[in-house]
Amino acid sequence: MPVTLDQSNFKNLDFDAQDDGVWVVTMNRAHKRNALDLDTIEELVDFFSAAPRAGVKAVVLAGSGDHFCAGLDLIEHHDADRSPADFMHVCLRWHEAFNKMEYGGVPVIAACQGAVVGGGLELASSAHIRVMNETTYFALPEGQRGLFTGGGATIRVADLVGKDRMIDMMLTGRVYHGQEAMDLHLAQYMVEGSVMDKALEIARRAAENLPLTNFAICSAISHMQNMSPLDAAYAESVVAGVVNTQAPARERLAAFADKSAARVRKDA
């Protein structure tokens, strides 16, 4: 059932819905380096829950100002003086938001500049593609704050950089940037200047794909990574059976057959 995303229902996220189905979603808490308070998390849950049914073909997720996201809003957390049970439920909402991103089936490209720190790295690692530039730095400073990650870093960040490097980041506050961050898969693209230009280029290219194909790429692969190899092979066969026989794909296959479609080139 189609749904409508109404900007008036959101105060911490700004939307720019473009004609090609690409949506730029910007966290607008620049005064806090876009730190994640609970209201922002709830808005992320709402947006990414609705996006697949709202005609969103791809998302560029960005932060306002000079930084992507500095993580958990530590002032809100301090002032709330939460009980263990309270904070457990906060963490579960973070997981809900980030799972909606990773498993929702809409390509999400994170335009990472400045701080991508703590929960900001957890947020970025939930995106399917990350773009960085010379200002971008990645860190998990929880150890120095007397905290522990609660938004999926033990799953996604450890998967990106390895368990040993994640432990080092948390124990020592080690910061990664530049080519070293690229080599650790913290981002897939590094550009000079605007990360937004490259993120939009990637999003527009992804948005040209068939929605069902993108859904499979951006949802099924993550699910299959959680399965045993035997179960993943079975699930892959089922998904391929559905996706590879969809009616809209026949036009693209016909274009390949009659040589009117672009071929894969090494400089593509």
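Student: In which helix is Thr40 found?

Tutor: Thr40 is found in helix α1, which covers residues 38–50; helices here are DSSP runs of H or I with at least four residues, strands are runs of E with at least two, and both are numbered from the N terminus. This is a predicted model, in which local features need pLDDT of at least 70 and side-chain atom pairs count only at pLDDT 80 or more, while totals for chains, interfaces and linings use all residues. Residues are numbered from 1 along each chain as its sequence is written, and side-chain values use heavy atoms, with hydrogens and water left out.

Student: Why is Thr40 called buried?

Tutor: Buried means under 20% relative accessible area, exposed means over 50%, and partly exposed lies in between, with a 1.4 Å probe and protein chains only; Thr40 has 1%, so it is buried.

Student: What makes the pairing of the side chains of Thr40 and Asn12 a polar contact?

Tutor: A polar contact is a pair of N or O atoms within 3.5 Å where, within protein, one must be able to donate a hydrogen and the other to accept it, and residues adjacent in sequence count only if both atoms are side-chain atoms. The side chains of Thr40 and Asn12 make such a contact at 3.0 Å, and the side chain of Thr40 makes another with that of Asp37 at 2.5 Å.

Student: How much of the whole protein chain counts as buried?

Tutor: Of its 268 residues, 47% count as buried.
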